[in-house]
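Visitor: Hi, I've got a model open and would like a quick walk through it. Could you help me find my way around?

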Amino acid sequence: SLLQMVRLSVGWRSPWSASELMGRRNSLMEMVTDRTRDCDRSIVLMRGVDPIVQSGVNLPTKQKSSFRYLTGCSLASASFLLEARKGRIEKTTLFYDKRTKTEELWDGEEMSEADMREIYCIDKIEPRSSLLSHLERLSSPSTLLLCQSPSDFPEMAQWLGRCKMEKIDPFLDQMRLVKSAAEVAAMRRSAEIGSVAIVEAMRSGEKTERAFAARLELEYARNASSSAYPPVVAGGERACTVHYLDLAHPLREGDCVLVDAGADCDGYFSDISRVFPVNGRFSPPQRVLYDLLETIQLTLIEEAKTGDLVLNSLFSSMLHLIGATLKEAGIFTRDLTPRELDRVVGDISLHHIGHYLGMEVHDCPSIDRNIIMPPGCVFTIEPGIYIRHGNDLIKREFHGLGMRIKDDVLVEKGDTVSVLTQSCPKSIEEIEAIMNRN
């Protein structure tokens, strides 16, 4: 409708339908059924992101992912209350202080309360000051309270302390691990936007780490997106620092650059790593190491297609592959004992094979990496090799090279996977073609 088009154009929207939001809330109530047997009612109480103000200027904020997951709301300074009895939701309230007429002159017009109720699927909008009276009414030993932390509401500790309390995040992590069809679509869009951004930034010929990062941001913005996290753009030996964020150096001829970046599309993140040569051609040592790493990553993706997929098992395979592949390629200065090989692999492979991905880069932190990942789960496969100067067990021509290849992978039904970031080139031939297209 025309009204929906206007809302989209000014950002007055949730990307999720009412059925999606209500489905999440109802699923949460079903998950806590056992916890509510001895309770008269259950309530969910969550606080959104607080505004960041410096010298009277409002700085950009990102909504807390769990809050946005249940509410669809990205507004700062909002709180959410859900009331239920016997697993049935009775009422939802968003506590939010709308801007005054004077504030709107400075900061812009806000959506109406009617729009808030419709877009966020909320029964009532009330001022923040009224939350205390609700808690006075609801708090009792027979009330199950689901919240992230009581410290989110320090002024209400007396009333929260009367309830039977459970942390909400472990329940939400279990829900968020398995993506709905709408969430998978958002993850696919995010992966595509993130892939395009990396290709266009590589093609741009930017000469500094900071300018390259700025080009990524530009490409995200062109696709109604933003950066999921501060990007890594690490030239030369700085790529041996896994999360190098300084963006303080030029990109020098002869160096390789490690890029680790992702898009935020409607609150769902992509997370991609690629490596490219500044001058458009991999040097012989760079080419050897990159080719080995790509082979390792492709082998791990194939292993992921065999079913009963467990991140920790993939991690063990990664460590074995790195040791065996580098040994076969003659990267080491001498024959290594099994113990020495394990040690050097630990020295040059600094992180796990991957992590769960969704509304956070490292999503669902309470979920163990030793479970069989269910259909609908998205995760990364990201082997890395980081060879610092001074490693006397590795030939000198490889010193100072840091490389990581990372793709986002969806577990599908039928014991198979899809690589969501497939469109982001990673073969040596594809990367050199991009770099030399101009």
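**Strands, helices and one asparagine**

Guide: Happy to! Strands β4 and β5 (residues 88-95) pair in the antiparallel sense, over seven bridges. Keep in mind that this is a predicted model.

Visitor: Which residue in β5 is the bridge partner of Glu83?

Guide: That would be Lys91. On another strand, Ile43 stands opposite Glu83 of β4 as well.

Visitor: How many bridges join β1 to β4, and which way do they run?

Guide: Six bridges join β1 (residues 41-47) to β4, and the two run antiparallel. Arg47, for instance, stands opposite Ser79 in β4.

Visitor: Is β4 buried or exposed, then?

Guide: Six of the seven residues of β4 (residues 79-85) are buried, so the strand is largely enclosed by the rest of the structure.

Visitor: What sheet does it belong to?

Guide: An open sheet of six strands, in the order β6-β5-β4-β1-β7-β8, with mixed pairing. At the edges stand β6 (124-126) and β8 (164-167); each has a single partner strand, so one side of each is left without a neighbour in the sheet.

Visitor: How much are neighbouring strands turned against each other there?

Guide: By 20° on average, direction ignored.

Visitor: New topic. What about the three-stranded sheet?

Guide: It is also described as open, with the order β10-β11-β14 and antiparallel pairing. Its edge strands are β10 (232-235) and β14 (272-277), each of which pairs on one side only.

Visitor: Good. Now helices: how do α11 and α12 pack?

Guide: Helix α11 (residues 284-304) and helix α12 (residues 311-328) pack at an angle of about 145°, and their axes are 10 Å apart. The crossing of α11 past α12 is right-handed.

Visitor: Which residues make the contact?

Guide: On the α11 side, they include Leu292, Ile296, Leu300 and Ala304. From α12, Leu314, Met318, Leu321 and Thr325 are among them. By class, the contact has nine nonpolar, four polar and one charged residues.

Visitor: Which α11 residues are buried?

Guide: Among them are Leu292, Ile296, Leu300 and Ala304, and the list also includes Gln286, Glu294 and Gln297.

Visitor: And what is the span of α11?

Guide: From its first C-alpha to its last, α11 reaches 30 Å with its 21 residues, close to the 30 Å expected at 1.5 Å a residue.

Visitor: One last stop: where is Asn58?

Guide: Asn58 sits in strand β3 (residues 57-59). With a relative accessibility of 47%, Asn58 counts as partly exposed.

Visitor: What does Asn58 touch?

Guide: Leaving out residues up to four places away in sequence, Asn58 touches Ile52, Val53 and Asp107. Asn58 and Asp107 are 49 residues apart in sequence, and 9.1 Å apart in space from C-alpha to C-alpha.

Visitor: Thanks, that helps!

Note on methods:
Residues numbered from 1 in each chain as written. Predicted model: local features only at pLDDT ≥ 70, side-chain atom pairs only at ≥ 80, totals over all residues. Heavy atoms only, no water. Axes fitted to C-alpha atoms, helices over the stretch in contact; angles between N-to-C directions. Helix = DSSP H or I, 4+ residues; strand = E, 2+ residues; numbered from the N terminus. Left-handed = near helix turned anticlockwise from the far one by under 90°. Contact = heavy atoms within 4.5 Å. Nonpolar A, V, L, I, M, F, W, Y, C, P; charged D, E, K, R; others polar. Expected span 1.5 Å × (residues − 1). Buried < 20%, exposed > 50% of the residue type's maximum accessible area, 1.4 Å probe, protein only. Pairing = 2+ DSSP bridges.
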